[in-house]
Amino acid sequence: MRRTPVALTALALLAPLSACAGTAAAGDGATVTVTVGYQSRTINTVTAGTLLRSLGSFEKQLNALHDGHTYKVVWQDYATGAPITAQMTAGKTDIGSMGDFPLLINAARGRQLGRPTRLVSVTGYNLRGGLNTIMTAPGSPLSSLAGLKGRKVSTSIGSAADGTLVRALRRAGLDPDEDIHKLNQQPAVGASALVAGSADALSQFVAWPGLLAFQGKAKALYDGAQLNLPTFHGVTAREDFAKKRPAVLEAFLKAQAEATAYLNAHPVDAAEKVAKATGLPAEVVYLYNGAHGIATFDPALKPELVSALKQDVAVLKDAGLTGDIDVDAFVDDRYARRALGAAYAKSLAAVPPPAVSEAWDRGATRTRAFATPKELLAYVAAHRSGVRAAYVPDATTGTLWFADRAVWGADGDALLPFVAPATAQAYLGAHPGASAVSYGQALEQAS
């Protein structure tokens with residue numbers, strides 16, 4: 001299958017770039033080092049990190065500058081956005097990718113420390129917020145956020161996942177500061193705490209929820225898409241670097257667009273490449289980055305994403321992590337517009353593909369699409385040993401999830417999947433005659 005967002009032409013991507021005005025004169029053979037901070041396992045940043053690096057697209061674009069410089073790219077891999085911001089404000093990293101909340105902290109710290117940064121493009125986004133999920137242990141009795149009162153919840157403070165936790169708790173009538181015991185932990189530490197039982201729940205970003213669910217180590221308690229607020233990751237660059245070497249930044253953005261086009265045209269192969277580079281299961285990568293995955297990839301700074309960023313400021317201010325942030329001054333799409341030309345407008349107008357059920361057969365280089373979850377289940381039931389992974393969209397939020405990890409309901413002839421029990425309960429309560437069924441029962445009904 002192929003996702004069908006904006007088509008970026010090869011000619012636009014590979015067009016020569018104008019030379020940048022660096023400290024060395026063109027033709028003097030000076031070596032220019034460009035340092036890129038990225039998060040290899042935060043897989044909706046792959047078009048600015050893991051996949052981009054594996055394709056060698058940035059290096060190719062730099063070689064096409066022909067401005068007399070020799071370029072060396074240094075890739076620095078981190079678990080979260082915070083250390084990338086620290087390196088950028090120290091003048092040691094030029095370009096970085098991170099989530100929306102860390103991006104705002106990046107803007108605030110940069111301005112505070114006299115190293116202002118600019119948000120120059122987007123990597124992966126979800127217009128409803130489905131990139132963040134609150135998880136519990138497989139045997140946990142918890143079925144709603146109300147059950148978290150008085151319990152230990154792990155998250156990474158200042159991350160998009162923390163933002164989801166705060167907002168979700170408030171909507172559930174809980175005070176995120178008073179009603180839970182929040183554990184500020186790195187994603188890997190929090191995942192281990194959940195598995196060990198020292199945390200009752202975990203709120204995290206891509207790809208931790210999907211990974212834990214795939215491994216059978218956790219189940220979803222809350223789908224971030226229930227918030228219906230956009231969440232995204234993006235690319236930030238130091239302002240002084242962008243002004244000094246605009247053509248280098250534009251080369252990066254052209255390379256990012258090239259990686260985006262590759263991911264959208266070859267989602268299975270891209271998932272395999274990212275899996276090889278990160279050690280993540282390819283099935284998990286595809287859940288987020290696939291043809292109809294949770295994340296949509298195009299680089300444009302869409303108005304709805306910028307608007308969401310402005311709403312995020314209040315959450316960070318309430319947590320005492322930042323003061324006021326001038327989001328309009330932070331967002332700067334000039335470099336992407338110059339780099340992509342007419343393709344930028346197409347990217348700006350692109351919309352996410354519709355939610356579709358998919359089966360990934362063993363050994364296949366493309367997935368199979370099905371019109372309904374019931375049709376997918378019928379296929380899985382008939383080809384159990386041949387299906388590598390099966391994916392279904394939540395019946396109410398559209399968030400893709402593993403079919404065998406979803407919460408299932410039956411409504412007449414329809415079989416309906418849900419990421420979390422709360423969404424399932426809400427649907428079943430509103431539809432008399434609908435009932436909960438197990439995955440096994442759903443398979444049997446479909447076959």
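Two strands pair if DSSP finds at least two bridges between them. Helices (H or I, at least four residues) and strands (E, at least two) are themselves DSSP runs, numbered from the N terminus. The model is predicted: local features need pLDDT of at least 70, side-chain atom pairs count only at pLDDT 80 or more, and totals for chains, interfaces and linings use all residues. Residues are numbered from 1 along each chain as its sequence is written, and side-chain values use heavy atoms, with hydrogens and water left out.

**The sheet**

Select residues 357-361, strand E12, together with residues 387-393, strand E14; these run antiparallel and are joined by 4 bridges. Within this pair, Trp-360 stands opposite Ala-389 of E14.

Next, display the open sheet of 4 strands, whose order is E13-E12-E14-E15 with antiparallel pairing. Strands E13 (368-370) and E15 (400-402) are at the edges with a single partner strand each, so one side of each has no neighbour in the sheet. From one strand to the next, the twist averages 25 degrees.

**Helices on the sheet**

Angles run from 0 to 180 degrees between N-to-C directions, with axes fitted to C-alpha atoms, for helices over the stretch in contact.

Then select residues 373-382, helix H17, which touches E12, E13 and E14. Its direction makes about 165 degrees with that of E14.

Key. Contact means heavy atoms within 4.5 Å.
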